[in-house]
Amino acid sequence: MCIRDSINATNYEIPLESNIFFFYDPFNDVVLDQIVKKIITSYIKNKRSIIVIYVSPRHLKIFIKRKFKVLNTKINKYGKGYAIFKYG
């Protein structure tokens with residue numbers, strides 16, 4: 001499912017079987033942190049390996065703060081690039 005609107009995204013329930021998440025500079029830091037918390041909550045309910053691909057990662061510190069493991073990053077001096085994280 002594709003979520004484009006941050007209002008809808010904060011209300012979206014993460015399916016318990018979802019394990020790959022792709023973000024392309026999607027939201028401000030407050031909304032992204034809420035989404036990351038929802039991903040973690042879904043993990044707690046159904047433990048599995050979760051991969052996050054985050055393109056133009058302006059707020060990658062949110063994932064680090066929430067204990068996601070950094071698998072790979074490539075970010076230029078303008079903040080463009082990607083980060084790949086794993087949880088679980």
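Buried means under 20% relative accessible area, exposed over 50%, and partly exposed in between (1.4 Å probe, protein chains only). Helices (H or I, at least four residues) and strands (E, at least two) are DSSP runs, numbered from the N terminus.

A word on what is on your screen: this is a predicted model, in which local features need pLDDT of at least 70 and side-chain atom pairs count only at pLDDT 80 or more, while totals for chains, interfaces and linings use all residues. Residues are numbered from 1 along each chain as its sequence is written, and side-chain values use heavy atoms, with hydrogens and water left out.

**The strands**

Show β1 and β2 together: they run parallel and are joined by 5 bridges. Strands count as paired if DSSP finds at least two bridges between them. Pick F22 and you will find I53 of β2 opposite. If you trace the chain from β1 through α2 to β2, you follow a right-handed β-α-β crossover; with the strands pointing away from you, the path from the first strand over the helix to the second runs clockwise.

**F23 and Y54**

Return to F23 and display its contacts (heavy atoms within 4.5 Å). Leaving aside residues up to four places away in sequence, F23 touches I35, I39, V52, I53, Y54, V55 and F63.

From there, hop to Y54 in strand β2. Y54 is buried, at 0% relative accessibility. Beyond four places in sequence, its contacts include F23, D25, P26, L32 and F85. Then look for the Y54 side chain reaching the backbone nitrogen of H59 at 3.1 Å. For such a polar contact, a pair of N or O atoms lies within 3.5 Å; within protein, one must be able to donate a hydrogen and the other to accept it, and residues adjacent in sequence count only if both atoms are side-chain atoms.

**Along α2**

Select residues 29–45, and begin at the start of the helix, where a side-chain oxygen of N28 comes to within 3.0 Å of the backbone nitrogen of V30. The buried residues of α2 are V31, L32, D33, I35, V36, I39, I40, S42 and Y43. An α-helix has 3.6 residues a turn, so residues three or four places apart point the same way. Zoom in on S42, which is buried at 3% relative accessible area and touches I14, L16 and R48, not counting residues up to four places away in sequence.

**Two loop stops**

Finish with S56, in the loop between β2 (50–55) and α3 (60–65). S56 has a positive phi of about 55° although it is not a glycine, and is buried at 4% relative accessible area. K67, in the loop between α3 and β3 (69–75), also has a positive phi, near 75°. K67 is exposed, with a relative accessible area of 68%.
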